[in-house]
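Look over the strands, the core and the pocket as you read.

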Amino acid sequence: QLQLVESGGGLVQPGGSLRLSCAVSGVSFQNLAIGWFHQAPGKEREGVSCISRSDGSTYYADSVKGRFTISRDINKNTIKLQMDSLKPEDTGVYYCAADYAPVQTMCGTTNPARLRYWGQGTQVTVSS
């Protein structure tokens, strides 16, 4: 059973930065796509950025392009999301998710609940 554990959330001022980490453990995940989903208060969960564990291909939502960077550390089985130039609308819970799907399919899904694996989430608050 695959397990995902997020860390790195917190409170930051607008324009600030945070780095989230997702530790992946369990069965082999060679062909997995792993990504981050954002759930703002009162809204549906949406894909932010995803990365292929095998070839490193990435996907970014338009709202975070140029501000967020996703990366993988294969040896440490960790996926990181560097979030810069944070905005108040970035506030919410960030979930790490994984599934056997292309990164664009996974991050662009309109039904995230169907994704196979989820972490418990980490809170990010952007406020002055």
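Q: Is Val 24 buried or exposed, and what is its relative accessible area?
A: This is a predicted model, in which local features need pLDDT of at least 70, side-chain atom pairs count only at pLDDT 80 or more, and totals for chains, interfaces and linings use all residues. Residues are numbered from 1 along each chain as its sequence is written, and side-chain values use heavy atoms, with hydrogens and water left out. Buried means under 20% relative accessible area, exposed over 50%, partly exposed in between (1.4 Å probe, protein chains only). Val 24 is buried, at 5%.

Q: Which strand holds Val 24?
A: Strands here are DSSP runs of E, at least two residues, numbered from the N terminus. Val 24 and Leu 2 are 22 residues apart in sequence and 7.1 Å apart in space, C-alpha to C-alpha. The strand that holds Val 24 is S3.

Q: Which residue in S3 stands opposite Glu 6?
A: Two strands pair if DSSP finds at least two bridges between them. S1 (residues 3-7) and S3 (residues 18-25) pair in the antiparallel sense over five bridges. Opposite Glu 6 stands Cys 22.

Q: Which residue in S9 stands opposite Gly 35?
A: S4 is mostly covered, with six of its seven residues buried. Seven bridges join S4 to S5, and these strands run antiparallel. S4 also pairs with S9 in the antiparallel sense, over seven bridges. Opposite Gly 35 stands Ala 97.

Q: What is the volume of the largest pocket?
A: On a 1 Å grid over the protein atoms alone, a pocket is an open set of points where a 1.4 Å probe fits, with protein on both sides within 12 Å along at least five of seven lines; lining residues have an atom within 4 Å of a point. The largest pocket is lined by 19 residues, including His 38 and Glu 46. Grid points are joined across faces, edges and corners, and a volume is the space filled by probe spheres set on the points. For the largest pocket that volume is about 350 Å³.

Key:
Helix = DSSP H or I, 4+ residues; strand = E, 2+ residues; numbered from the N terminus.
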